[in-house]
Amino acid sequence: MPVDKAVILSAGKGSRLLPLTADKPKCLIEINGRSLLEWQLDALAASGIRDIVVVTGFRDHLVDAVAMRRKGVRTLFNPFYHVADNLGSVWMARGEFDRDLLLINGDTLVSTSLLAKVQAADGAAITVAVDEKDEYDADDMKVLRQGTRLRRIGKALEPGEYDAESIGLLAFRGEGGRLFIDQVERMMRTSEGTRRWFLRAIELLAADHDIQTLSIKGEAWQEVDFPEDVDKARALTARWASTP
């Protein structure tokens, strides 16, 4: 069956985008007449996603107001967003991993054609969408592959230890969601659990499980993390808006 559910992690404040995020969360910054979140919701809906859960935190009532206008969109408040990294948001949403779903970072813009490519992937339990480029910077979530199998993932990988980057979009099918949430639970019970990214759980699983990667090279996407990214996002979405 096609994936028809998604979880969006949108709890963070986005301090690196100040002053744009002084009084609203990163997911609600304006990009060509729509918020970042609305661009995500539109793309997901166009891809057949009918059940969308947005994990909120900073100024959650503002995100609630956007979600309430959308059929099939729910919010889930993460009360410790200000002291935990995104592993905490996944833990809050652990009950939502009850069937196949997509997990997407709240600052990742993706095209409908990119989503279609992920939807059409071969059905691996866990699939990590990755891009390939000539140069990587310190903030990229780097990936090392063996064929299409994920071996390592993290920002601190050294040159020569990576050949792609995670774009912040994953698909979970079959037992993939259970495997992932079990690992998240184990990590959250450690002293450093709240300070971890959820992709650390993926790397730990990769030691014993076949975690697949899917190259989306050539597809349109944009992470919105720094002020210069907003300009890139506006240029990208302007092209989308002008395409019939």
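Mentor: Let's start with a rule: rings of Phe, Tyr and Trp (its six-membered ring) pair if their centres lie within 6.5 Å, and planes under 30 degrees apart count as stacked, over 60 as edge-to-face and the rest as tilted. This is a predicted model, so local features need pLDDT of at least 70 and side-chain atom pairs pLDDT 80 or more, while totals for chains, interfaces and linings use all residues. Residues are numbered from 1 along each chain as its sequence is written, and side-chain values use heavy atoms, leaving out hydrogens and water.

Trainee: Which residues do ring pairs link into a cluster?
Mentor: The structure holds seven aromatic pairs. Ring pairs also build a cluster, and its members are Phe-97, Phe-172, Phe-180 and Phe-198.

Trainee: How many residues apart are Trp-39 and Trp-240?
Mentor: These two form a tilted aromatic pair, with 6.1 Å centre to centre and 55° between the planes. Trp-39 belongs to helix 1 and Trp-240 to helix 7; helices (H or I, at least four residues) and strands (E, at least two) are DSSP runs numbered from the N terminus. The pair links distant parts of the chain, and the separation is 201 residues.

Trainee: Is Trp-39 buried or exposed?
Mentor: Buried means under 20% relative accessible area, exposed over 50%, and partly exposed in between (1.4 Å probe, protein chains only). Trp-240, at 22%, is partly exposed. With a relative accessible area of 6%, Trp-39 counts as buried.

Trainee: How many residues apart in sequence are the parts tied together by Phe-97 and Phe-180?
Mentor: Phe-97 and Phe-180 form another tilted pair, 5.7 Å centre to centre with 50° between the planes. Phe-97 sits in the loop between helix 3 and strand 6, and Phe-180 in helix 5, so the pair ties together parts whose separation in sequence is 83 residues.

Trainee: Within what arc do the buried residues of helix 7 fall?
Mentor: The buried residues of helix 7 are Asp-229, Val-230, Ala-233, Leu-236 and Thr-237. Take the directions from the helix axis to the C-beta atoms. Seen down the axis, the buried residues line one face of the helix, because they fall within an arc of 130°.

Trainee: Which exposed residues does the face turned away from the buried side of helix 7 carry?
Mentor: Helix 7 covers residues 227-241. Opposite its buried side, the exposed residues are Asp-231 and Arg-239.

Trainee: Where does Glu-165 lie?
Mentor: At 5% relative accessibility, Glu-165 is buried. Its element runs over residues 164-172 and is strand 11.

Conventions. The expected span of a helix is 1.5 Å times one less than its number of residues.
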